[in-house]
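Below is a briefing on one structure. Please read it with the sequence and the coordinates at hand.

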Amino acid sequence: MTTVRDATFDVLRRYGLTTVFGNPGSTEVTLLTGLPDDLRFVLALHEGSVVGMATGWAIGNEAPALAVLHTTAGLGNAVGAIATARVNRVPLVILVGQQDRRHLALEPFLTGHLSGLAGDYPVRVDQPVRAQDVPGAVARAFHEATTFRGPALVVVPMDDWEAPFSGETVAAPVRMLRPAGVSDDDLAPLVQLLSAARSPAIVAGAGAGAGTGAGAGWDALVALAERLGCPVFQESFGGRAGFPQDHPQYAGVLPADRVRLREALAGHDVVLAVGAPVFRQYPYAPGPLVAAGTSIAVITDDPAEAHRSPADLAYLASPSAVCARLTALLPPSSPAAHRAPTPDIPELPPAGRPLRAAHVLRELARRLPADTVLVEETPSSRPDLHRLVPARTPLGFLSAAMGGLGFAVPAAVGLRMALPDRPVVAVVGDGSALYGVHALWSATHYRVGALFVVLSNGRYAIMDRLADKQGGKAPWPPFTEVDMGGLARSLGCPARRVDSYDELTAALDEVLPSLAAREEPLLLDVTVTVDPDFQP
C-alpha cells in the first residue's frame, strides 16, 4: 500500500528536497523513522539552527531547502530564523509536526495552535484538510517558496503519514515556468529618464543578483553601471552584496539615516535602485530621503518592495533582465571611477593590549581567497567590515537583513554543506555567536570545514553605544565570563584563542590557504577591544 508518507517522499525527490534539516520531536517520529537511504537527515541541536542551516543551504544552492520542526515548541523556537529567511528572501519548505488528527478536537498534549504562530513571516501556511492532501500541499509549498522567495509551512498531524494514498491527485503542477521578459515599450520611460540624467547613480541591493545563478545578475548590473558611467552604492543593511565591491565605480554602503543619505546622494539627479527598496533606514531622522530635484526609480522582483518604495517610477520585474536590456537601449557614457575612500586603520596596539576589530578585518581581507563566502553578524563592527573586506563575488557578503541575532553560525554551516568546494568564513561578534553556537556541533559531526572568526569583546557593544547616544546608563552587564573557545570545544569544535597580532596572522596564514579543502571546522576566539563609536 502506498502511504501519504511514500507519496510525499516522491514529491521531495521530484523537487530536489532530499536533505532534511531537523531537530526531531515525537510528532515527527512517524515521518522520520526508517527514512529512505536517498534522503539525508541533518541534525541541529536547536530549531533556530535547523532553519538557519537550511537557509544557508538554500542560498548556496539557489533553490528551496527542507526543514522539519516539532509542533509548538519547535516552530516557536524557529520563528526568529523564519523571519530572517523571509526578509533575506530565501525559499524554504518547512514541515511542522502536529498531534494525531484523530483526537485534535480534545487538544491532547503537544497539540499546537500553529497557523499563526510564525505571524506574517511565512509566505504560506497550509494545514491540509485531509491526510491525502499532504503531498500536494508540500508540492505547492515548494512553488510558493520559489515564487515568493520565503518560507512556506505545511502543518502535518502525525497520523497523516501512515494514511493510504492510492489513486489520489497531487494538487500542484509538476513543473512551473516563470518567464521574466520585459519589452522595449515597457522600458521606454526608464530609458528616457536615464538618458536625460546629468549625474545618475545606482543603489544595488540584495535582489540584484539573487537567484540568477553564476553571477548573471551582477554581470548585468556591472554592464549597466559601466554604460552609465555612474557610481554604484550598496543598500544599507542588505542581506547580500548587490555589486562587486572591488569595482572602480563602487562607492560604498549608503548611510542608514536620512541626513547622511541626502548628503551621499547629493548632486545626483536620478537614482536607480536595483534589487533594493527605497531606502532602508535605521534611526529615524526627519526630512525627505533625497534632495529636491532628484528622481528615484526602482527595479525589483519583490512586490512588497516595489509597493512600499517612494519612487517616481517602479518596475516589478527581473532586475537582471531589465538591466541587460537597458544596457542595450541606452547610449554609452564615459566611465568614471568613484571608489570609496580607503579608511584609516588604527595603529597596532602595544604588546599586551587587545586588537581593534579593524585590525582583524584588515588581516582577514589580505588573505581571503576571491571566491570566499563570507557570512557577517558583528553589528558593532559591520561598518569596518564593509570598508575593509570588499565582496568580490555574489556570495562575498551575506548577512541577516532581518537584524536579529543567530543567523551567521548556522547559515555558514548550511552554506558550506551546499558549496563544499568553496571556502566559507563567518565573522561574528561573541554576543551574536551565543545565539547560534549549538550549530558548531552540527559542523563538527558532519565535517563542515568552515572558519568561524569570533570578535570577542565580552559585551553587547552596539547596545552600549546606543545607550550612550540615548544619554542614559545601560542596565545590562558585560559577559566577560563567557569563553567562546570553551563553548566550541564542548560541542566538539576545535577552537583557538587569539590575543595578539602575531597570533592572529599566524592562525590566518595557517588556515586560509587550505580552507576550501578543510573538513574540520575551526573557531578563532579573537580578543578585541570595544570600538569608541558606531555609525550604521
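Predicted model: local features only at pLDDT ≥ 70, side-chain atom pairs only at ≥ 80, totals over all residues.

Residues are numbered from 1 along each chain as its sequence is written, and side-chain values use heavy atoms, with hydrogens and water left out. A search of the whole structure finds 24 salt bridges and 0 disulfides.

**Salt bridges**

- A salt bridge is a side-chain nitrogen of Lys or Arg within 4 Å of a carboxyl oxygen of Asp or Glu.
- Helices (H or I, at least four residues) and strands (E, at least two) are DSSP runs, numbered from the N terminus.
- Arg 198 and Asp 269 form a salt bridge whose closest N and O atoms are 3.8 Å apart. Arg 198 lies in the loop between helix H6 (184-195) and strand E7 (200-204), and Asp 269 in the loop between helix H8 (258-265) and strand E10 (270-274), so the pair ties together parts that are 71 residues apart in sequence.
- Arg 198 is exposed at 73% relative accessibility, whereas Asp 269 is buried at 10%.
- Asp 126 pairs with Arg 124 in a salt bridge, with 3.4 Å between the closest N and O atoms. Asp 126 is buried at 14% relative accessibility, and Arg 124 is partly exposed at 22%.
- Asp 499 and Arg 497 form another salt bridge, the closest N and O atoms being 3.1 Å apart. Here Asp 499 is partly exposed at 35% relative accessibility, and Arg 497 is exposed at 51%.
- A network of salt bridges links Arg 362, Glu 363, Arg 366, Arg 367 and Asp 509.

**A buried arginine without a salt bridge**

- Arg 5 sits in helix H1 (residues 4-14).
- Arg 5 is buried yet has no salt bridge, and the nearest side chain of opposite charge, Asp 6, is 4.9 Å away. For this count, Lys and Arg are positive and Asp and Glu negative, while His and the chain ends are not counted.
- The side chain of Arg 5 does reach the backbone oxygen of Gly 34, at 3.4 Å.

**Cysteines**

- The search of the whole structure finds 0 disulfides, a disulfide being a pair of cysteine sulfur atoms within 2.5 Å.
- Cys 230 is in no disulfide, and the nearest cysteine sulfur, that of Cys 323, is 10 Å away.
- Cys 230 is buried at 1% relative accessibility, and Cys 323 is buried with a relative accessible area of 1%.

- Phe 237 is not a glycine but has a positive phi of about 55 degrees. Phe 237 lies in the loop between strand E8 (232-234) and strand E9 (250-253), and is partly exposed with a relative accessible area of 24%.
- Arg 447, also not a glycine, has a positive phi of about 55 degrees. Arg 447 is in the loop between helix H15 (439-445) and strand E16 (451-456), and is exposed at 52% relative accessibility.

**Nonpolar surface patch**

- Leu 405, Tyr 435, Tyr 460, Met 463 and Trp 476 make a nonpolar surface patch of about 430 Å².
- Patches are made of residues with over 30% relative accessible area and no salt bridge; like charges are joined within 9 Å, and nonpolar side chains (Val, Leu, Ile, Met, Phe, Trp, Tyr) within 5 Å. Accessible areas come from the Shrake-Rupley method with a 1.4 Å probe, and for residues only the protein chains shown count as cover.
- Met 463, one of the patch residues, is found in helix H16 (residues 461-470) and is partly exposed with a relative accessible area of 34%.

- Ala 304 lies in helix H9 (residues 303-308) and is partly exposed, with a relative accessible area of 43%.
- The C-alpha atoms of Ala 304 and Ala 507 are separated by 45 Å, the two residues being 203 residues apart along the chain.

How values were computed: Buried < 20%, exposed > 50% of the residue type's maximum accessible area, 1.4 Å probe, protein only. Polar contact = N/O pair within 3.5 Å; in protein donor to acceptor, adjacent residues only side chain to side chain.
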